[in-house]
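Here are my notes on this one, as numbered points. Have the model open while you read.

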Amino acid sequence: MNEKQRFELSKLLLLSAKIGVGASVAIFIAQALHLEYATSAGIITLLTLITTKWETLKLSFMRLVTYIISVAFCWIIFHFIPNMWIEYGVFLFCIVLLGEVMGWRSTLSVNAVIGTHFLTTQNFTIEFLINELLLVVIGIVIAILLNLIHINNAQENGIIQSMRYVEQHMKQILTELAGYLANQSSGDSVWEDIIKLERKLDEYLELAYEFQNNTFQSHPEYYINYFEMRLKQCGALHNLHSEMRRMRNMPKQAHIVSNFITDITQYVTEMNDPKRQIEELEGLLEELRNEPLPETHEEFESRAELYHVLMDMEEFLLYKKRFVEEIDETQFRIYWKQEIESNKE
């Protein structure tokens, strides 16, 4: 079992434990308060727990708001329609329509359960309204408390390991591209390698968003920005590879660009500010401009493609430059904390 599988198993076990414990505690409290339909408190806890921390808070607020609306629907519909099955159908129609229009679909299940209580009892006394409200409050409070428990440290460590994976494979792709320019490799696997890395980045980006939604710290956006930056760089590498493949013959200046790309591979790290590499690229572009003009049409086309390769490399470096420039003070501390830990290793 690899690290990712162990983490997913740990996450599943923790969620199962939280649901089992939370639902049981909610029912226990509801029974201790002698509430009717006490088991519904457990169901409400379950339905609220299967979300992230921030989603739980948002969902809890929406549950309270929609509880009031649902009670109003119940009172109006159940008083004026005599047939039980028609009453409940009209009630569901109203809350589903409202939920979809307001973007509150996640509240429908609990409101449907509360609706069945009013449907079967036809009881709209203050005591029963408080009974139903307490079921909702108990369920969401238990869920909020339990969702404070999360394996954030393990998830963050997994994200950092994913960042190292991305850097390693991006270096590999750049090395393959440099080898292709130097006529040392066919470059046939580059396209597949870039696509594979993009798929991994999509997975890591999803994990970064999940981590952000499960922590109250202020820095998780850093990881999201990092993976989005690497995705953009993959796009630049796609363009760069396409330019290379269009070259019919490698111009003699190709080895200069190949050496530059080889040098860049040393700096594909989280901590590097590519300011120096961008200055070197500008010098290289100026050097190419001062080269003697191509003598044949074919040489002209190849030189033009080589120039576009450098433009793509500039775009590749600028994505990293913007990422570094947008790091705020909190993210900067995380940025350098990881560099210190990397140096220790």
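1. Start with the largest cavity, where α12 is the top contributor to the lining, giving 3 residues. A cavity here is a set of points, on a 1 Å grid over the protein atoms alone, where a 1.4 Å probe fits but cannot get out, and lining residues have an atom within 4 Å of a point. Helices are DSSP runs (H or I, at least four residues), strands are E runs of at least two, and numbering goes from the N terminus.

2. Before going further, the ground rules: this is a predicted model, with local features needing pLDDT of at least 70 and side-chain atom pairs counting only at pLDDT 80 or more, while totals for chains, interfaces and linings use all residues. Residues are numbered from 1 along each chain as its sequence is written, and side-chain values use heavy atoms, leaving out hydrogens and water.

3. The largest cavity has a volume of about 80 Å³, a volume being the space filled by probe spheres set on grid points joined across faces, edges and corners. Its lining includes Arg230, Gln233, Tyr267, Asn272, Phe316 and Lys320. The elements giving two or more residues to that lining are α9 (221-245) and α12 (297-325). By class, the lining has 6 nonpolar, 4 polar and 2 charged residues. For the classes, Ala, Val, Leu, Ile, Met, Phe, Trp, Tyr, Cys and Pro are nonpolar, Asp, Glu, Lys and Arg are charged, and the others, Gly among them, are polar.

4. The count is 2 cavities of 30 Å³ or more.

5. A salt bridge is a side-chain nitrogen of Lys or Arg within 4 Å of a carboxyl oxygen of Asp or Glu. Glu167 meets Arg164 at 3.1 Å, N to O, and Arg230 at 3.9 Å. Glu167 and Arg164 are 3 residues apart in α7 (residues 152-181), about one helical turn.

6. How buried or exposed are these side chains? Glu167 counts as buried at 6% relative accessibility, as does Arg230 at 2%, whereas Arg164 is partly exposed at 27%. The cut-offs are under 20% relative accessible area for buried and over 50% for exposed, with partly exposed in between (1.4 Å probe, protein chains only).

7. One to check by eye is Lys18, in helix α1 (residues 3-32). Lys18 is buried yet has no salt bridge, and the nearest side chain of opposite charge, Glu210, is 9.4 Å away. Charge here means Lys and Arg positive, Asp and Glu negative, with His and the chain ends not counted. Beyond its neighbours within four places in sequence, Lys18 touches Ala23, Leu49, Leu146, Asn147 and Ile149, a contact being heavy atoms within 4.5 Å.

8. Also look at Arg276 and Glu280, whose closest N and O atoms are 2.1 Å apart in a salt bridge.

Note on methods. 1 Å grid on protein atoms, 1.4 Å probe; cavity = no way out; pocket = protein on both sides within 12 Å on 5 of 7 lines; lining within 4 Å.
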